[in-house]
Amino acid sequence: MRTCRASAAGKFTVVLATIVVVLAGCGGNPSPRAWAATVCGALTPWRSEISKLTSSTDEQMTAQTTPAQAKENLVRLFAGAEQASETARRKVEQAGVPETDNGEAISAGFRSSLERMRDAYGRARDTIDKLSTNEPAAFYDGVRAAVETLNKEYDAGALDTSQLNSEELKQAFDEVPECR
């Protein structure tokens, strides 16, 4: 019985979030709960995809492949991470601005963070794509340097939540099923 209620509550929240997003186009802003549900609905698959791509990247760095194969795989992986980040950014943008103090700044912070991450993956992809595979040691050194730069840019692009102090949103993120 508990599963049915949780499932019904989850479906209700998704329907509510969808209605709020549609109504946002008509001038209303979503409630903190609806906004949090939509944002978590965008970020959960993104985190999963990034985790999967990170594992695949690690495997590529240790796999017994040629530099050309590794290059092709890594370029494809980073392109996937770039696309996943853009998809999440677009969904957060579509969520609108939460009806809370500093709602615009909070929404912009989430979008900006995802933009920086998307761009970091794109730069890593481009850097690896430009590497020559003629000399394996030089190629893998270039890949390591690209991944180190990506990690630094990724960390720098992380959302600074210290400036986003909405108690309503903190509570919403803690309570909505999509964020658990």
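**Exercise 1.** How close do the axes of helix α4 and helix α5 come, and at what angle do they cross?

*Solution.* The model is predicted: local features need pLDDT of at least 70, side-chain atom pairs count only at pLDDT 80 or more, and totals for chains, interfaces and linings use all residues. Residues are numbered from 1 along each chain as its sequence is written, and side-chain values use heavy atoms, without hydrogens and water.

Step 1. Take α4 as residues 103–130 and α5 as residues 136–156. Helices are DSSP runs (H or I, at least four residues), numbered from the N terminus.

Step 2. The axes come within 9 Å and cross at roughly 170°.

Step 3. Classify. Angles over 145 degrees count as roughly antiparallel, therefore α4 and α5 are roughly antiparallel to each other.

**Exercise 2.** Which residues have the most contacts inside the largest nonpolar core?

*Solution.* Step 1. Such a core joins buried Ala, Val, Leu, Ile, Met, Phe, Trp, Tyr and Cys residues through side-chain atoms within 4.5 Å. Trp46, Phe78 and Ile128 have the most contacts inside this core of 33 residues.

Step 1. α3 gives the most to this core, with 9 residues.

Step 2. Trp46 touches (heavy atoms within 4.5 Å) Ala84, Ser85, Ala88, Leu114, Met117 and Tyr154, not counting residues up to four places away in sequence.

**Exercise 3.** Is Thr100 buried or exposed?

*Solution.* Step 1. Locate Thr100 in the loop between α3 and α4.

Step 1. Buried means under 20% relative accessible area, exposed over 50%, partly exposed in between (1.4 Å probe, protein chains only). Thr100 has 15% relative accessibility, so Thr100 counts as buried.

Definitions and conventions
Axes fitted to C-alpha atoms, helices over the stretch in contact; angles between N-to-C directions. Helix = DSSP H or I, 4+ residues; strand = E, 2+ residues; numbered from the N terminus. Parallel < 35°, antiparallel > 145°, perpendicular 65-115°, else oblique.
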